[in-house]
Every structure is written in C-alpha cells, then in structure tokens.
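Subject: Structure handover

Hello,

Here is the structure I said I would pass on.

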Amino acid sequence: MPLASADLCLRSEFGARPDGTVWRAAPRTTPGGQARHSETAIETALMVRLVFHQPLRQTEGLLGSLLDLMGVDLPVPNHATISRRAARLTPVLRTAPPDGPVTLVIDRTGLKVYGAGEWHRDKHGVRGRRTWRKLHLAVDATTNIIVAATVTTSGEGDAG
C-alpha cells in the first residue's frame with residue numbers, strides 16, 4: 001500500500017482506546033454517584049446520533065455493535081444517560097485558524113441512505129432509485145482537524 005493511502009487509512013480509525021482510558025469517567029471527588037462514562041463517550045454517542053439521524057435507543061444499540069465489532073469490552077451509555085448528560089455538556093469551541101497558509105486535504109465519499117423504501121425493495125423485489133448522499137470533507141493536513149464538512153444530494157454536481 002502506498003504511504004499516502006496508509007496515512008489516509010490511519011486517519012479514519014475510531015478514536016476509542018482499547019483500554020477504555022478515554023471512555024470511562026474519572027472518579028468523582030464530590031459527594032454523589034460515580035459516573036461510568038466520560039464526556040467523550042457521551043459526545044461520541046451524540047455524534048453518532050446526529051450522523052445517522054437516530055433516536056437515542058437506536059444509537060445505544062449501534063454503539064454497542066461498533067464496540068463488539070472492534071472487540072472492545074467497554075460499557076455503552078444507555079439512552080437515558082445520554083439524554084441527561086447531553087443537557088449538561090459544554091460545547092467544545094473550535095480553535096482559531098492558524099496564521100499563514102494551511103494545507104488542506106479535500107475528499108468526498110458516497111453514503112448510501114437506507115430507509116423504509118430499501119426494505120420494501122428487498123422484500124418485494126421492486127427495483128427503484130437508490131438514495132445517496134455525498135459527504136465532502138476538508139481536513140488540515142498537519143493537525144488532522146476537520147476544517148469544513150458538508151453533505152449534498154447525489155443530484156448536485158461537484159464544482160470543477
């Protein structure tokens with residue numbers, strides 16, 4: 001595999017460490033119950049929810065499946081915990097753009113949209129149009145921070 005391809009593959013790895021140091025919450029020093037999940041775990045669940053447009057119960061199941069597929073034995077926050085802790089999260093402010101030139105890596109990928117229509121097509125054998133979206137990303141090559149992201153329909157053309 002060429003070096004550039006290997007580097008791009010490494011950038012897409014899931015950010016949970018197998019030992020769970022980022023996933024599990026630090027012990028509390030104040031009175032009250034101990035949190036089992038860190039802010040990172042709750043933020044991850046909320047990002048998965050936003051990306052896949054799912055209710056919290058389905059997000060809980062998807063996170064459990066992802067962790068199982070990765071072979072990682074970590075607790076998954078339940079939907080009630082995600083909802084309660086989401087209300088107390090402080091938004092992460094983006095860092096200021098660096099002074100001077102920035103090297104951007106720009107790429108796009110197609111995302112297949114599944115829904116009730118897909119189930120109907122599979123069950124009854126009716127062939128119809130597939131629904132796709134395009135995810136466009138601009139990533140700072142030195143810091144690997146996503147600078148810009150947008151989702152477009154398959155009908156919208158690329159500038160070029």
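The notes below go from the whole chain to single residues.

This is a predicted model, in which local features need pLDDT of at least 70 and side-chain atom pairs count only at pLDDT 80 or more, while totals for chains, interfaces and linings use all residues. Residues are numbered from 1 along each chain as its sequence is written, and side-chain values use heavy atoms, with hydrogens and water left out.

Overall make-up

The protein chain has 5 helices and 3 strands. Their order from the N terminus is α-α-α-α-β-α-β-β. Here helices (H or I, at least four residues) and strands (E, at least two) are DSSP runs, numbered from the N terminus.

Of the 160 residues in the protein chain, 20% are buried. Buried means under 20% relative accessible area, exposed means over 50%, and partly exposed is in between (1.4 Å probe, protein chains only). The accessible surface of the chain is about 12,100 Å², and carbon and sulfur atoms hold 58% of that. Accessible areas come from the Shrake-Rupley method with a 1.4 Å probe; for residues, only the protein chains shown count as cover.

A contact means heavy atoms within 4.5 Å. Among contacts between residues at least 6 apart in sequence, 46% join residues at least 24 apart.

The core

In soluble globular proteins, nonpolar side chains tend to be buried together. A nonpolar core is a set of buried Ala, Val, Leu, Ile, Met, Phe, Trp, Tyr and Cys residues joined through side-chain atoms within 4.5 Å. The largest one in this model has 13 residues, and Trp23, Leu46, Leu63, Leu67, Leu74 and Ile82 have the most contacts inside it. The elements that give two or more residues to this core are α2 (39-52) and α3 (56-70). Helix α2 gives the most, with 5 residues. Leaving out residues up to four places away in sequence, Leu63 touches Trp23, Thr44, Ala45, Val48 and Val76.

Which residues of helix α4 (residues 79-86) are buried? They are Thr81, Ile82 and Arg85. Seen down the axis of α4, these buried residues fall within an arc of 100 degrees (taken from the directions from the helix axis to the C-beta atoms), so they line one face of the helix. They pack against α2 and α3.

A salt bridge is a side-chain nitrogen of Lys or Arg within 4 Å of a carboxyl oxygen of Asp or Glu. By this rule the count is 1. The side chains of Arg85 and Glu39 form a salt bridge, at 3.2 Å from N to O. Arg85 is in helix α4 and Glu39 in helix α2, so the pair ties together parts that are 46 residues apart in sequence. Arg85 is buried, at 8% relative accessible area, whereas Glu39 is partly exposed, at 40%. Not counting residues up to four places away in sequence, Arg85 touches Ala35, His37, Ser38, Glu39 and Ile42.

Loop residue

Gln34 sits in the loop between α1 (3-11) and α2. This residue is partly exposed, with a relative accessible area of 48%. Apart from neighbours within four places in sequence, Gln34 is in contact with Pro27 and Arg28.

Regards
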